[in-house]
Structure formats: structure tokens, C-alpha cells
Amino acid sequence: MEGMESFVGENLDREAEKLRETFRSGKTKCVNWRRSQLKAILTLLREKEEEIFMALYKDLGKHRCEAYRDESDQGSPE
């Protein structure tokens, strides 16, 4: 298991450095870039909604209706 933890840690370090580079580049200051990232997050959430509901049920015992009420983006602006 130690090898897996090292692998995950190295990947996280690499990803974090890529994110820092993007931030330092100034790219994240652009409103259009930020807006596109937020839209991409909403798309991801919609595409993975069923898997998210299943994980909430498995991990927290939340029924689908409860998860939708508590965790969904209902009413958020598009």
C-alpha cells in the first residue's frame, strides 16, 4: 500500500504544480476563462449525477431525494 500512497502523492504534487503554473500565468484572471471553468464543472456534475447520488447513498446513507434536496444545484443560475 505504501507504493500506492507514494504514487498518489507524486501525482497530486504534479497536478498541484500544473495548477500553480496556470495561476502564475495570469490565465485565471480572465473572466471568460473562469466562466468556462464554472460551466465545465456544472456539466461534469450533470454528467456524473447518478454516480454522485450512488456515492452519497453508499457513503452517507442518503436517499436520492434527500441527496437531491441537500446536494444538487437546483435553482443555481446557468
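**Figure 1. The E17–R24 salt bridge.** In this predicted model, E17 is partly exposed, at 31% relative accessibility. The side chain of E17 meets that of R24 in a salt bridge, with an N to O distance of 2.7 Å. R24 is exposed, its relative accessible area being 55%.

Figure 2. A salt bridge joins the side chains of E15 and K18 (3.2 Å, N to O). The two residues stand three apart in helix α1 (residues 2-24), so about one helical turn separates them. E15 is partly exposed at 41% relative accessibility, and K18 is likewise partly exposed, with a relative accessible area of 46%.

**Figure 3. Packing of helices α3 and α4.** Helix α3 (residues 49-60) packs with helix α4 (residues 64-71) at an angle of about 110 degrees, and their axes are 10 Å apart. The two helices are therefore roughly perpendicular. Helix α3 contributes E49, E50, F53 and L56 to the contact, while α4 contributes R64, A67, Y68 and E71. By class, four of the contact residues are nonpolar and four are charged, with no polar residues.

Figure 4. The side chains of R64 and E50 form a salt bridge at 2.8 Å, N to O. Because R64 belongs to helix α4 and E50 to helix α3, the pair ties together parts that are 14 residues apart in sequence. R64 is partly exposed, with a relative accessible area of 41%; E50 is also partly exposed, at 44% relative accessibility.

**Figure 5. The network of E17, R20 and R24.** Salt bridges with shared partners link E17, R20 and R24 into one network. The whole structure contains seven salt bridges.

Conventions: Residues are numbered from 1 along each chain as its sequence is written. This is a predicted model: local features need pLDDT of at least 70, side-chain atom pairs count only at pLDDT 80 or more; totals for chains, interfaces and linings use all residues. Side-chain values use heavy atoms; hydrogens and water are left out. Axes are lines fitted to C-alpha atoms, for helices over the stretch in contact, and angles run from 0 to 180 degrees between N-to-C directions. Helices (H or I, at least four residues) and strands (E, at least two) are DSSP runs, numbered from the N terminus. Angles under 35 degrees count as roughly parallel, over 145 as roughly antiparallel, 65 to 115 as roughly perpendicular and the rest as oblique. Contact means heavy atoms within 4.5 Å. Ala, Val, Leu, Ile, Met, Phe, Trp, Tyr, Cys and Pro count as nonpolar, Asp, Glu, Lys and Arg as charged, and the others, Gly among them, as polar. A salt bridge is a side-chain nitrogen of Lys or Arg within 4 Å of a carboxyl oxygen of Asp or Glu. Buried means under 20% relative accessible area, exposed over 50%, partly exposed in between (1.4 Å probe, protein chains only).
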